[in-house]
Amino acid sequence: MSFFRFEHNPGQKELRVFLSTPQFTAATVPEFKTAFENAWKPEITRVILDLSTVEFIDSSGVGALLGVQKRLSVQGEPVTLKGARPAVINVLELLRLQRVFKLE
């Protein structure tokens, strides 16, 4: 079972990523990275990650988010993190990553 769903319509510049796992950790990040690479298209300039189901994120999960931002930063805007729960926001703020990502 995949914990990730990607939506990208050909010709559009936006990729939407839906995580359906309560933990974005070292256990789920390898699958995420592979799925993200498969979903990536050169025309993408905006990525929106829906984190509303994620209750816990570890350093591997943060690293995966930074990897998405790094891929996008060459040609796009900041990665948008939607629906992040307070525990996830606390981790991002502790690492001062609210300056890197757009939180909605």
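**Notebook: loops, sheet, helices and core**

**Entry 1: Arg 96.** I started with Arg 96, which lies in the loop between H3 and S7. For the labels, I note that helices (H or I, at least four residues) and strands (E, at least two) are DSSP runs, numbered from the N terminus. I am working with a predicted model, where local features need pLDDT of at least 70 and side-chain atom pairs count only at pLDDT 80 or more, while totals for chains, interfaces and linings use all residues. Residues are numbered from 1 along each chain as its sequence is written, and side-chain values use heavy atoms, with hydrogens and water left out.

I looked up the backbone of Arg 96 and found a positive phi of about 60 degrees, although Arg 96 is not a glycine. Is Arg 96 buried or exposed? Its relative accessible area is 54%, so I wrote down "exposed". The cut-offs are these: buried means under 20% relative accessible area, exposed over 50%, and partly exposed in between (1.4 Å probe, protein chains only).

**Entry 2: Gln 98.** I moved along to Gln 98, which also sits in the loop between H3 and S7. Gln 98 has 35% relative accessibility and therefore counts as partly exposed. Which residues does Gln 98 touch, not counting residues up to four places away in sequence? I found Leu 92, Glu 93 and Leu 103, where contact means heavy atoms within 4.5 Å. I also looked up Leu 81, which is 17 residues from Gln 98 along the chain; their C-alpha atoms are separated by 9.7 Å.

**Entry 3: the sheet.** Next I traced the strands. In what order do the five strands of the open sheet stand? I read S1-S2-S4-S6-S7, with mixed pairing; two strands pair if DSSP finds at least two bridges between them. S1 (4-7) and S7 (102-103) stand at the edges with a single partner strand each, so one side of each has no neighbour in the sheet.

I then went through the pairs.

- S1 and S2 are antiparallel and share four bridges; here I found Phe 4 opposite Leu 19 in S2.
- S2 (residues 14-19) and S4 (residues 46-50) run parallel, joined by five bridges. Glu 14 stands opposite Arg 46 in S4, and Leu 15 has Val 47 as its bridge partner in S4.
- S4 and S6 (residues 80-82) run parallel too, with three bridges between them; Ile 48 is opposite Thr 80 in S6.

**Entry 4: the hairpin.** I went back to the loop between S1 and S2, where Gly 11 lies. The hairpin of these two strands has six residues between the strands, and Gly 11 takes a positive phi near 90 degrees there. At 68% relative accessibility, Gly 11 counts as exposed. I also checked Gly 11 against Lys 70: the two are 59 residues apart along the chain, and 22 Å separates their C-alpha atoms.

**Entry 5: helices on the sheet.** I looked at how H1 and H2 lie. H1 lies across S1, S2 and S4, at about 15 degrees to S1. H2 lies across S4 and S6, at about 165 degrees to S4. My note on angles: axes are lines fitted to C-alpha atoms, for helices over the stretch in contact, and angles run from 0 to 180 degrees between N-to-C directions.

How do the two helices meet each other? Their axes come within 10 Å and cross at roughly 15 degrees. H1 and H2 are therefore roughly parallel to each other; angles under 35 degrees count as roughly parallel, over 145 as roughly antiparallel, 65 to 115 as roughly perpendicular and the rest as oblique. I listed the residues that make the contact: Val 29, Phe 32, Phe 36 and Glu 37 from H1, with Ser 60, Gly 61, Ala 64, Val 68 and Arg 71 from H2.

Gly 67 and Lys 33 are 34 residues apart in sequence, but their C-alpha atoms are 8.7 Å apart in space.

**Entry 6: the core.** Last, I looked up the largest nonpolar core, which has 28 residues. Such a core is a set of buried Ala, Val, Leu, Ile, Met, Phe, Trp, Tyr and Cys residues joined through side-chain atoms within 4.5 Å. Which residues have the most contacts inside this core? I wrote down Phe 24, Phe 32, Val 47 and Leu 49. S2, H1 (29-39), S4, H2 (59-73) and H3 (86-94) are the elements giving two or more residues to this core, and H2 gives the most, with five residues.

Leaving aside its neighbours within four places in sequence, Phe 32 is in contact with Phe 4, Phe 6, Val 17, Phe 24, Leu 49, Ala 64 and Val 68.
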